[in-house]
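I opened the model to look up its helix faces, its sheet and its cores. My entries follow.

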Amino acid sequence: MDFISVKEAAEWMAMAVSVDGVFSDNEKWLLQRFADTFGLDFREIAARSYELSEETCKEVIQLGRQYISGYTFEKFIVKSLCKPDGGEPLFSLVRWRGDKSVDGIFAEDDKKPDLTLRCALTRSDVEFYIECKYRQSWNSVPSFGKAQLLRYAEFSRSEKKIVLIACGFGGSPEKPANIAIAPIGDYLNRRESIECINTNKIDLQKYVFNIIWNRYNHLNLSQF
């Protein structure tokens, strides 16, 4: 069996927590525990993590900070729905699109919503889509383009699949203070009726499950 030194393990830890370009409080806590356990200097490991995080940010700078915050918010949605605190998950992750491009060239698959998930209902499994957006406030939500919403609405009709928009705002992308999740049609036509909910006061998994259940059972698929 091969062994690595504690110094090498510390480098791996620094790389692991910096991979998304965001050095979060939870990651700092993890590094502190690692340093305390092996008698290392937390400040040295943290400095290395910051250094690596800066390198990661430079790699995605052409996509801007919004890309980083968007990706972080997507992780929040995936963990909330597919790895909830306590109990069995109601959803499984089928596909997670990367939105990579060069000179404005995107893969056709990346023009679809960010996440494809599967939900087990009474008689069958249902696949649906979630497009994730993070904004600082609800008033800035319309800043994502109507053209994109119309494209997703057309995709929903042609594929006969439910498409939801999950918009987090306030707090931080990794833990938004509030969230609004609704079908694509509500964002296009009935934005004033969309419910804004406190993430600390709801079970997000059950909330989304009820949306899927109601639309699958009570609406025609062409209206998704």
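**Helix α5**

I began with α5, where Gln148, Leu149, Tyr152, Ala153, Phe155 and Ser156 are buried (under 20% relative accessible area, with exposed over 50% and partly exposed in between, for a 1.4 Å probe and protein chains only). Seen down the helix axis, the buried residues of α5 fall within an arc of 160 degrees, so they line one face; the arc is that of the directions from the axis to the C-beta atoms. An α-helix has 3.6 residues a turn, so residues three or four places apart point the same way.

I noted the basis of these entries: the model is predicted, local features need pLDDT of at least 70, side-chain atom pairs count only at pLDDT 80 or more, and totals for chains, interfaces and linings use all residues. Residues are numbered from 1 along each chain as its sequence is written, and side-chain values use heavy atoms, with hydrogens and water left out.

Helices (H or I, at least four residues) and strands (E, at least two) are DSSP runs, numbered from the N terminus. I find that α5 covers residues 146-159, which is 14 residues, and reaches 20 Å from its first C-alpha to its last, close to the expected 20 Å (1.5 Å times one less than its number of residues). On the face turned away from the buried side I see the exposed residues Lys146 and Ala147. I looked up what covers the buried residues of α5, and the list includes β5, β6 (162-169) and α6 (184-189); contact here means heavy atoms within 4.5 Å. After α5 comes lysine 160, with a positive phi near 55 degrees.

**Lysine 133**

Is lysine 133 buried or exposed? It counts as buried because its relative accessibility is 12%. I place lysine 133 in strand β5 (residues 125-135). Its side chain makes a polar contact of 2.8 Å with the side chain of glutamine 148, itself one of the buried residues of α5. A polar contact is a pair of N or O atoms within 3.5 Å; within protein, one must be able to donate a hydrogen and the other to accept it, and residues adjacent in sequence count only if both atoms are side-chain atoms.

**The sheet**

I read an open sheet of six strands in the order β1-β4-β5-β6-β7-β8, with mixed pairing; two strands pair if DSSP finds at least two bridges between them. The edge strands are β1 (91-96) and β8 (197-198), each pairing on one side only. I find β1 and β4 antiparallel, joined by five bridges, and leucine 93 has leucine 117 in β4 as bridge partner. β4 and β5 pair in the antiparallel sense over six bridges, with threonine 116 opposite tyrosine 129 in β5. The side chain of threonine 116 also has a 3.0 Å polar contact with that of arginine 97. Arginine 97 lies in the loop between β1 and β2 (101-102) and is buried, at 4% relative accessible area.

**The cores**

A nonpolar core is a set of buried Ala, Val, Leu, Ile, Met, Phe, Trp, Tyr and Cys residues joined through side-chain atoms within 4.5 Å. In the largest one, of 28 residues, I list Ile77, Leu81, Phe91, Phe128, Ile130, Leu164 and Ile181 as touching the most other members. Another core, of 15 residues, lies apart from it and has Val163, Cys167, Tyr187 and Ile194 among its members.
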